[in-house]
Amino acid sequence: MIRLNDITGSLLNYHPKADTTLVEKAYVYSAKVHQGQVRLSGTPYLSHPLEVAYILTEMKMDVTSIVAGLLHDTLEDTDATYSEIERLFGKEAADIVDGVTKISQIQFESSEERQAENMRKMILAMTTDIRVIMVKLADRLHNMRTLGFHTLEKQRLIARETLDIYAPLAGRMGIYWLKSSLEDLCLFYLEPEIYEKIKTGIAQRRGASEKFIREVKELISEKLKEHNIKGAIKGRYKHHYSIYSKMRAQNLSVDQVYDVVAFRVIVNTLKECYEILGIIHSMWKPVLGRFKDYISIPKANMYQSLHTTVIGPLGQRMEVQIRTWEMDKLAEEGIAAHWKYKEGFSNKADEKQFLWLRQLLEWQKSLTDPKEFIETVRMDLFPNEVYVFTPKGEVKEFPKGATPIDFAYSIHSEVGEKCTGAKVNSRMVPLRYQLRNGDIVEIITSGKQHPRKDWLDFVKTPRAKTKIRQWIKNQERDESISIGKSILEKALEQSNLNIPNVVKNEQIQSIAQELSFQAIEDLLANVGYGKISANQVLGRLKPRLGIEDDKPAGLVSKMVSRITRKKSTRGIKVKGLDDMLVRFANCCHPLPGEKVIGFITRGRGVTIHKYDCRHVYDADPQRLVDVQWEPSEQEVYIAKLKVVSIDKKGILADTSAVISQKDANIIQADIKTTMDKKGVSFFTIEVENYKQLEEIIGAIKKVKNVLLVERL
């Protein structure tokens with residue numbers, strides 16, 4: 001088992017000036033809080049954080065990272081608290097431990113390639129400190145090394161998760177030895193038979209292979225001396241997973257994979273890399289299409305090397321990698337890099353970031369203190385994206401600032417249109433709530449809900465904005481066609497013109513074309529919008545019917561002639577007119593029993609306002625008409641309430657229960673908590689009249705801990 005001296009000794013090897021006091025303190029604290037806990041293997045639990053801390057020293061991490069490694073399970077598995085860790089070991093260490101804990105709590109349920117990529121990006125997005133990921137990778141490596149104590153089902157589940165999420169993350173960090181170790185361990189548990197075949201195949205060929213490695217190294221070494229180039233030649237067996245990948249890609253058996261050995265030539269200068277490439281190609285024939293220049297075009301994680309495959313001295317393929325010592329160090333150890341794009345992909349927007357990473361490598365060469373280097377890369381990894389879960393565990397990516405409505409439209413247009421509320425992490429949130437990394441989002445829908453114009457003020461995704469605008473436009477057009485048809489039919493009735501079906505009338509069709517409209521519906525929509533008056537249509541229609549036009553009507557008559565009349569179903573009667581189209585104002589939501597007044601709009605009937613509505617004061621007096629309520633059955637009206645209460649558990653349920661007991665229907669509820677621990681709830685409800693609303697307000701005021709109730 002790893003001991004404290006092993007950790008501090010390894011740390012001092014690459015960072016001689018490191019202060020190991022905090023590491024020793026973290027060891028004592030971890031031993032104390034984990035006391036009595038054991039792993040599945042039966043060993044003391046402390047062995048795990050010790051191993052993780054040692055792996056972090058192999059990754060050449062700073063003191064804070066190693067402290068976090070010793071403490072990484074304390075928040076999740078012991079009574080330790082964030083504030084206590086912050087007090088004893090500093091905010092940086094506490095934040096790293098907290099970040100590792102949050103990642104550990106994520107449930108990975110899909111291995112689909114796109115889904116796995118989103119998972120990896122979300123892990124990156126969840127942290128502002130790259131060291132969180134380094135500690136998590138070290139934690140996963142030791143867990144994989146001790147995976148044999150779990151059940152077979154658990155072994156496969158963890159191995160698949162590691163292969164999909166954590167091994168690629170290690171590759172992104174440029175830590176290839178860690179990536180290869182994780183992949184080989186995953187292969188052992190996921191494909192044990194193939195793993196054993198590869199292991200046996202390599203063992204059977206080991207004697208011949210080792211002789212082959214010595215001979216090839218000698219041949220290359222002689223050529224280096226001939227050209228006065230100083231360098232090192234390394235020969236190694238390829239990792240098991242690398243061989244497995246080749247077998248799967250080319251449909252080969254273990255015996256058919258010949259290039260199980262790879263060589264690496266490490267030299268001092270960039271110029272010598274290309275010289276060696278020419279020498280290797282002059283010694284052995286290169287395989288067409290198997291040369292890759294990662295020096296002039298580095299991988300996204302800044303990996304640089306020349307790769308070539310040649311036909312070796314015994315007629316088999318062998319891979320040769322050529323790089324400088326700096327490139328080799330980077331490939332072996334990796335860097336704490338700031339990621340913004342996928343491996344093998346970059347675009348113009350990323351070029352600036354790409355150049356910054358190259359500069360980062362230059363800084364690393366001159367820094368002797370790992371902490372100093374780490375400080376240069378402590379920043380948000382994905383500042384403009386946010387990753388959240390569906391209830392089924394699927395990860396979805398959104399721009400920063402996205403809301404539940406954006407989430408709803410990403411599922412389906414119909415879900416977005418009917419979105420009336422949302423739960424985030426099982427708690428109700430307002431529709432304006434900004435999603436955060438790791439949120440679990442559940443959408444609540446209602447058949448009575450529809451998109452609102454104010455949604456456009458806070459949605460972020462182009463899809464949501466487009467769908468909302470499209471719905472509003474279609475809805476307005478449908479309403480305008482209906483209103484325009486009613487207006488035109490009323491105008492025809494007042495002129496004693498009998499046209500049974502306006503929509504299919506040939507004369508009106510010709511008038512529509514004359515006014516540059518493709519169809520009668522377009523004409524009717526413009527009448528409904530108020531862009532064309534019914535009198536304009538009548539003025540063109542009467543000559544076609546051989547009728548002389550009447551004298552111009554007065555102002556009020558003109559306005560009334562443009563208003564649709566139909567059988568009233570809304571419990572309102574307009575004084576002096578029988579079948580007037582009415583709408584209720586959204587600014588004040590008048591209710592039966594309240595004193596109201598009507599306002600004649602241009603082409604949209606009469607809008608009903610509360611008598612004391614502020615918009616009435618600024619209205620043209622000539623357009624105001626007296627209106628009165630008439631008894632109506634099964635009619636409901638919209639009312640909005642604001643309830644302020646002390647933020648106590650159950651207050652929302654109590655308030656909702658009161659509203660339901662008064663036979664009112666809640667169609668929307670937005671809830672938020674203020675900084676001073678007050679709960680502010682906004683309810684949109686359906687009521688029959690003003691008296692019912694007053695009763696509801698009175699009942700809510702009696703609810704314990706309610707401070708204020710007001711109608712909006």
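Start by selecting Tyr241 and Tyr244 in helix H14 (residues 240-250): being three residues apart, they are separated by about one helical turn. Helices here are DSSP runs of H or I with at least four residues, numbered from the N terminus. An α-helix has 3.6 residues a turn, so residues three or four places apart point the same way.

This is a predicted model, where local features need pLDDT of at least 70 and side-chain atom pairs count only at pLDDT 80 or more. Residues are numbered from 1 along each chain, and side-chain values use heavy atoms, with hydrogens and water left out.

Stay on those two residues: Tyr241 has 12% relative accessibility and Tyr244 has 11%, and each counts as buried (under 20% relative accessible area, 1.4 Å probe, protein chains only).

Now for the rings. How many aromatic pairs does a search of the whole structure find? There are six, a pair being rings of Phe, Tyr or Trp (its six-membered ring) with centres within 6.5 Å; planes under 30 degrees apart are stacked, over 60 edge-to-face and the rest tilted. Select Tyr29 and Phe89 next: their centres are 5.5 Å apart and their planes at 70°, so this pair is edge-to-face. Tyr29 sits in helix H2 (residues 21-33) and Phe89 in helix H6 (residues 82-89), 60 residues apart. Both Tyr29 and Phe89 are buried.

Last stop: select Phe188, Tyr189 and Tyr195, a cluster linked by ring pairs.

Conventions: Helices (H or I, at least four residues) and strands (E, at least two) are DSSP runs, numbered from the N terminus. Buried means under 20% relative accessible area, exposed over 50%, partly exposed in between (1.4 Å probe, protein chains only).
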